[in-house]
Amino acid sequence: MSRTYLTHIDSCIKQADLRNHQKAVFILHDQLNLDAWPSRVREEKPLLIFIESAKKGISLPYHKKKLIYLLSSMRHFALECADAGFPVLYHSTKKHYDEGLKNILSQNPGLELTCMTPSEWDSREQLRQVQSAHEERVQEIPNNFFLADAEEYKEKVADGWVMEYFYREMRRKTGYLMNGDQPEGGEWNYDEENREKLPKGHRIPEIAETEVDDVTREVIDMVEDWFPDHFGKSEDFTYAVTRRQALYRLNEFIDERLDEFGPYEDAMAHGEYDLFHSHLSLYMNNGLILPKEACDKAEEAYEKGSARLNSVEGFIRQIIGWREYVRIYYEGMMPEVRDVNHFNFTKKLPEMYWTGETKMNCMSECLKPVIEKGFSHHIPRLMVLSNFSNLTETDPRELNRWFHLAYVDAYEWVVLPNVLGMSTFADGGVLASKPYVSSGNYINKMSDYCKHCEYKISKKTGDDACPFNYLYWNFIDKQRETFTQNGRANFMVNMFDKKSEEDKKAIWESSEEFIDRLH
């Protein structure tokens with residue numbers, strides 16, 4: 001880590017002299033939009049401080065494309081701010097950002113610093129350290145990259161207030177898809193219409209690729225030099241890294257994929273990893289696109305008649321409903337929720353999550369885009385990768401760690417609720433009403449993966465049976481206490497108990513053998 005790799009930053013902007021400034025604003029890597037900052041920042045043009053932290057980069061073996069995306073986006077944003085007339089200080093350090101801020105404040109006793117509350121807990125704790133060392137000189141302002149006030153809802157969500165009611169309240173507050181005080185079309189939720197399997201030969205629009213420029217190329221070289229053993233690949237990086245590029249992706253989604261997003265929202269297909277999904281989460285999660293912009297565009301498409309209601313409602317629900325809800329859950333449950341493990345699973349994450357090597361075609365298909373691109377849509381995440389982890393008794397905290405480092409759009413505030421709350425039931429039912437586990441039948445219903453697999457979806461036990469089949473029933477039996485306490489799921493225990501003793505024994509033996517061999 002001897003080289004700094006700031007050639008293009010240093011050549012394109014004149015690094016500000018701190019002695020010439022009395023006010024500064026510190027901008028984190030996920031706060032890259034001045035429209036979310038108070039208007040006085042845009043009007044007064046104070047010094048903007050950006051800090052790259054190598055210590056943050058090595059805190060987990062983050063996907064190389066994740067590091068490239070975050071660093072390149074931040075560098076491009078800093079350059080854009082300089083072009084807009086802001087004085088900019090862009091700093092690279094081997095330590096965490098709080099050490100850099102402490103040094104800046106210590107060496108410049110007249111400098112006053114404004115920071116926005118970080119979205120992630122650890123970054124927030126680091127900011128508190130800076131505030132403790134320089135109390136009256138550091139002003140913290142609320143995070144304005146979300147639509148809902150977490151303080152208003154976090155106690156209700158932590159007590160189990162379900163997302164559907166929160167979502168309806170957000171619809172009323174924002175006015176999206178509302179006809180007076182009633183939902184457009186008469187229904188709040190059109191999820192029942194969004195569960196179609198992708199027809200064979202159905203046309204899928206391509207997602208535009210962004211050409212790598214000199215700034216991004218330098219970041220790629222740095223990531224390969226500094227983090228050579230990290231997860232994933234740096235080759236073929238195609239993500240947008242500027243606001244202009246991200247807005248192009250938003251418009252492209254609205255024009256070409258939003259209309260069919262709804263029907264095929266839950267679908268999976270062999271060799272097709274994007275389908276009609278937006279891929280906008282990574283741009284919203286670091287600020288290149290604001291959530292309101294995405295919702296406004298989607299509602300406008302519905303009003304113009306270019307996108308059907310169930311697609312637009314489903315897309316807006318993901319943003320003002322689920323995205324806001326999990327962030328509030330995070331605020332209400334941290335930090336204790338990091339250690340939840342309802343089923344007390346202790347096994348390590350299977351090796352296939354790192355290599356993608358497995359005879360299970362569904363797992364291979366769902367791991368491939370993660371390893372290559374750091375991305376997959378929500379159904380592979382929930383109903384394949386998380387489902388398999390739970391059924392094989394993997395420690396949910398291990399899975400949470402993997403999701404955090406493997407996905408480009410993953411920050412702790414969004415990935416922890418989705419993994420420890422939703423997909424693994426590790427919080428014991430605060431966020432999800434039941435464990436999200438299934439047999440191979442669900443995967444076969446929503447995809448064509450089983451047609452290309454060495455295992456047979458029609459077989460329930462034995463060496464050539466789909467592992468999801470016997471693992472599912474084994475899980476139902478071993479976790480029967482959780483299922484019997486849940487009115488929506490206790491019938492599954494009754495179904496298991498009605499099986500013959502021979503079938504039960506085959507399920508237990510197949511599961512034990514598979515899990516032992518896997519781990």
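Okay, let's start with the second largest cavity in this predicted model, which holds about 110 Å³ of space. Thirteen residues line that second cavity, and the closest to its centre are Asn361, Cys362, Cys450, Cys453 and Cys466.

Quick word on terms. On a 1 Å grid over the protein atoms alone, a cavity is a set of points where a 1.4 Å probe fits but cannot get out, and lining residues have an atom within 4 Å of a point. Points join across faces, edges and corners, and the volume is the space filled by probe spheres set on them.

So what supplies the lining here? Helices H16 (361–373), H20 (440–446) and H21 (467–478) give at least two residues each; helices are DSSP runs (H or I, at least four residues) and strands are too (E, at least two), numbered from the N terminus. By class, that lining has 11 nonpolar, two polar and no charged residues. Nonpolar covers Ala, Val, Leu, Ile, Met, Phe, Trp, Tyr, Cys and Pro; charged is Asp, Glu, Lys and Arg; the others, Gly among them, are polar.

Of its 29 lining residues, His29, Ser53, Lys56, Gly57 and Leu70 are the closest to the centre. Which helix gives the most to this lining? That's H4, with five residues. Here the classes are 16 nonpolar, nine polar and four charged.

Housekeeping: residues are numbered from 1 along each chain as its sequence is written. Local features need pLDDT of at least 70 and side-chain atom pairs 80 or more, while totals for chains, interfaces and linings use all residues, and side-chain values use heavy atoms, leaving out hydrogens and water.

Key. 1 Å grid on protein atoms, 1.4 Å probe; cavity = no way out; pocket = protein on both sides within 12 Å on 5 of 7 lines; lining within 4 Å.
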